[in-house]
Amino acid sequence: MSESPLVQGYEVVIGFETHAQLSTQSKIFSRAAIAFGAEPNTQACAVDMALPGVLPVMNRAAVERAIQFGLAVGSHISPVSVFARKNYFYPDLPKGYQISQFETPVVQGGEVAFYVGDRLHKVRLVRAHLEEDAGKSLHENFESMSGIDLNRAGTPLLEIVTEPDMRSSQEAVAYAKELHKIVTWIGICDGNMQEGNFRCDANVSVRRPGQALGTRREIKNLNSFRNMQQAIDYEVSWQIDQLEDGHAIEQATVLFNPDTGETRAMRSKEDSADYRYFPDPDLPPLVIEPEWVSEVQAALPELPRAMAQRWVEEYAIPEYDATTLTQSQEMGAYFESAARACGQAKAVSNWMMGELLRRLNAQEIEIQQAPVGALVLAALIQRITDGTLSNNAARQVFDVLWQQGPQGPQSEPLSQVDAVIEAKGLKQVSDTGAIEAMIDEVLAANVDNVAQYKAGKEKAFNALVGQVMKLAKGKANPQVVNALLKKKLDAD
Amino acid sequence: MSQDIHDWGVAETASQIAAKHVSAVEVAQHMLQRSQQLADNGAFLSLQVESTLAQARAADAQIESGAKLPLLGVPIAHKDVFVTRDWPTTAGSRMLSGYMSPFDASVVQRLAEQGVVTLGKTNCDEFAMGSANENSAYGVARNPWDASRVPGGSSGGSAVAVAARMVAGATGTDTGGSIRQPAAFCGITGIKPTYGRCSRYGMVAYASSLDQAGPMARSAEDCAWLLEAMMGPDLDRDSTSLDVPVPSLRAHLEDPREGADVQKPLQGLRIGLPKEFFAEGCRADVLSAVKAGLAELEKLGATLVDVSLPLTELAIPAYYIIAPAEASSNLSRFDGVRYGHRADHFEDLVDMYVQSRSQGFGPEVQRRILTGTYVLSHGYYDAYYLKAQRIRRLIAQDFQKAFATCDVIAGPVAPTVAWALGEKSNDPVSQYLADIFTLPASLSGLPGMSVPVGLGEHGLPVGLQLIGNYLDERTLLHTAHHLQAVTDWHLQQPQGAKV
């Protein structure tokens, strides 16, 4: 940690608590459906409303997702874990307590590894535990009253808690992005941050290097990566200012206001409730048999870090490219299918890193919506490899393919590419006879350049190449032109 | 049978209706009328003639169409902590005044599936907290043996309704003795099965790790009929429901124990007598009735053995920590937000909670919420809640040691007979102490039963408690049935049933 960047001589210490909403069909303790945006209180059953006499029953699918996560980050899956009640009164908390896990969580330990630049970081996880979400209080449109929507009450959450292992806002954001990548990759969470399905709380403190941990303040509900970085940066400089002005930091929970770019305390430690945690007598301990863990392990997809590692070894593409192209399962699949189809992994990686990602980012679409599919890109690369297209011409073809969009399943990728080449007249001339004829014409018309070349001026050679390409209207294969021109000049 | 309809037990009523000697509607009408006549005893919180008759008519239609269900057409009352779609459910609390549940409790539903007709909802201590039924927000229930005395609690209304022959059987719930003690005080038979045997879904929760439903009736046989219908896995709705098959409780009740002869049907049965249950805390009149019961069991072939449950006294503090702790959390949902009582006037959100809950809950419920909140608080949790849980485990272990040398444990249900109304209502601790003999089985999750064994002081009934090992309700019912086959204590009628 000695390499961690200092801010005005202070070391920044950050830990994260992330609530990932699990992508189950129904709620964690009831059979009510989960869907965003439904009419208020239409997705809340008797259990979610905490009517007299109802009881919770654990949703196995939520447990399975917790196991998936634990295995993906190398955690210990606790064979026995315990649900506890966290007691507090709030109108959108129907039972007057939240069912969570306290002393014995289902996922224990683990680590998330990611790159910042070319440096590998590892953030240790303390735990990940299952719990239910609360409902929502609506303070608008109700004259002098609040509305309660219990649709979200009982939605399954996995709360993922790290050690205070991050030392800068960049690292924190990189961690959050990697975690987001993992949960969406294994499919346990849709990752939608706007809808609150992946929300992060950052515990931030500062200290002089070598000193004990400073007092932390918790920034709640960071729902975009941009806010995350801004909020942490603001909080860090606020804390340093306080300390520099001789004030102590008091433990507090703060909210980030994206409009002002500032954090503001919402409650101090003195106000913090006594939650009176105790094991929920309605739920026996959660027992996870080793067989279940093995089954989940066997069904787990190759993880992004492992996939990137494999590509570096198998396809010899740069680590950075491999990491970038394993952003999502879909992107990984795109790369692998294009690379297999054309056998040119390096070229596929270059095209994806350049043309493809640029356009996806510009249009803000996902790779699944890319108008040029993996096999069409592979066909295009094949036409470069076989000399039909120059790189420049290929970019023009790619542009046309992108504009026209997918051509339907009956259209062969190669014929799609060829049709564009034909229509645009972009076919490269590699025929030595034709090129030789053009070279002869150019040599005859540029005696001066020939003389200069022979006098040792290498520059004159480039001028001659340019003339040949001009005569060929850019369609001559430059390698063939180079080789033939050199041969002719040196033979004379 | 020359008896009146209301003298029939559950099994008898079922067979009379099945034989078409009487219709379900006739039985229901008779019992409703009688219940209205005896309404002063406070047994019922709600009777809805039309709802009951509609169910009775449906039962008669099923009989006409040839349906054979064990309890078809038999009217049963439900303690008002079981939620019901067609009757209000108050749990004896002002908090839930007029509350209508959108669903029936699992136990109610199971009984209905066996053909039961709901007669009404019975009075109880508020949220099942109490031992005298004096904590009901809707008035006391009176002991049919002496209207100036308590019927016991918390299932006091069910006990009164059965003892006064307003209904042949009723459901109750038992958290620390709430079936056994009122059964003893009113001279009827009641059984709390092993924790997890009956689904808790639809029972308004008091203390989740202890609450258990069970039947109350006038004989062990009738209890067997009802309990068999009530029990069974409900895994989709209650995670603490036991995933074990339901044994036949009704069949072979008459048979002698395996290897025993007909003259001595209980031969081989070892009955353990914990010396702590027969110590000075128990009144002499109760002890002599209990001993009379034990003597009958000996005549039937059972042998009595001495056992010890050394932590019996600690069951009281352990229970009065664990149960209030769970209650304080279980009752948090009654916040005036979604249903139940909400104060008319309040300043802000916190004041709405304070006013609504202060008005909605009675003093004993508030006392237990406060106790429970305290023992779960930061800094006190280990000293109270965790220690109580340790005691609870030790008590359960002591039972297992005792069951190494006996099949059933027997003793008094309560140290005294029913006390006078008002006598202990301002002294909660003395009421807590009276739970001493029922709490150990509750804390251990064991099945326990109360069987009438004659009268004690003031001509008031005394109950013999039988405690069985886990899942062994059958031995309890079998033992009690044979006792009742040779004695008539359970047949004696209280003054309050003579109308």
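Student: Where is A:Val112 found?
Tutor: A:Val112 sits in strand β8 of chain A, which covers residues 111-116. Keep in mind that this is a predicted model.

Student: Is A:Val112 buried or exposed?
Tutor: Buried. A:Val112 has 24 C-beta neighbours inside 10 Å, and the cut-off for buried is 20 or more, so A:Val112 counts as buried.

Student: What does A:Val112 touch, leaving out residues up to four places away in sequence?
Tutor: A:Val112 touches A:Val73, A:Val123, A:Leu125, A:Tyr175, A:Glu178, A:Leu179 and A:Ile182.

Student: How many residues apart in sequence are A:Val112 and A:Tyr175?
Tutor: They are 63 residues apart in sequence. In space, their C-alpha atoms are 7.3 Å apart.

Student: Let's stay in chain A. Where does A:Ala44 lie?
Tutor: A:Ala44 is in the loop between β2 and α1 of chain A.

Student: Buried or exposed, that A:Ala44?
Tutor: A:Ala44 is buried, because 25 other C-beta atoms lie within 10 Å. Leaving aside neighbours within four places in sequence, A:Ala44 is in contact with A:Ala32, A:Met49, A:Leu150, A:Asn151 and A:Ala153.

Student: And how far apart in space are A:Ala44 and A:Ala463?
Tutor: They are 77 Å apart, C-alpha to C-alpha. In sequence, 419 residues separate A:Ala44 from A:Ala463.

Student: What about phi of A:Asn41?
Tutor: Phi of A:Asn41 is near 65°. That is a positive value in a residue other than glycine. Most residues other than glycine have a negative phi. A:Asn41 is found in the loop between β2 (10-21) and α1 (60-72) of chain A. A:Asn41 is partly exposed, with 16 other C-beta atoms within 10 Å.

Student: Which residue in chain B has a positive phi although it is not a glycine?
Tutor: B:His252 is one, with phi of about 60°. B:His252 is in the loop between α7 (220-230) and β7 (270-274) of chain B. With 10 other C-beta atoms within 10 Å, B:His252 is exposed.

Student: What is the peptide bond from B:Gly153 to B:Ser154 like, cis or trans?
Tutor: That bond is cis, with omega near 5°. Most peptide bonds are trans. B:Ser154 lies in the loop between β3 (117-122) and α5 (156-163) of chain B.

Student: New topic: helix packing. At what angle do α7 and α8 of chain A pack?
Tutor: The angle is about 140°, and the axes are 8 Å apart. Helix α7 of chain A covers residues 329-342, and helix α8 of chain A covers residues 345-363. That angle makes α7(A) oblique to α8(A).

Student: Is the crossing of α7(A) and α8(A) left-handed or right-handed?
Tutor: Right-handed.

Student: Which residues of α7(A) and α8(A) meet?
Tutor: From α7(A) come A:Phe335, A:Ala338, A:Ala339 and A:Cys342. From α8(A) come A:Ala345, A:Val348, A:Ser349 and A:Met352. By class, the residues of this contact are seven nonpolar, one polar and no charged.

Student: Zooming out: how many helices and strands does chain A have?
Tutor: Chain A has 15 helices and 18 strands. Chain B has 15 helices and 11 strands.

Student: What radius of gyration does chain A have?
Tutor: Chain A has 30 Å, but a compact globule of 492 residues would have a value near 23 Å. The C-alpha trace of chain A spans about 100 × 60 × 50 Å along its principal axes.

Student: And what radius of gyration does chain B have?
Tutor: Chain B has 21 Å. A compact globule of 499 residues would be near 23 Å, so chain B agrees with that. The C-alpha atoms of chain B fill a box of roughly 70 × 55 × 45 Å, taken along the principal axes.

Student: What share of residues is buried in chain B?
Tutor: Buried residues make up 61% of the 499 residues in chain B. In chain A, 41% of the 492 residues count as buried.

How values were computed
Residues numbered from 1 in each chain as written. Chains lettered and ligands numbered in written order. Predicted model: local features only at pLDDT ≥ 70, side-chain atom pairs only at ≥ 80, totals over all residues. Axes fitted to C-alpha atoms, helices over the stretch in contact; angles between N-to-C directions. Helix = DSSP H or I, 4+ residues; strand = E, 2+ residues; numbered from the N terminus. Parallel < 35°, antiparallel > 145°, perpendicular 65-115°, else oblique. Left-handed = near helix turned anticlockwise from the far one by under 90°. Contact = placed C-beta atoms within 7 Å. Nonpolar A, V, L, I, M, F, W, Y, C, P; charged D, E, K, R; others polar. Rg over C-alpha atoms; globule rule 2.2 N^0.38 Å. Buried ≥ 20, exposed ≤ 12 C-beta atoms within 10 Å, placed from the backbone.
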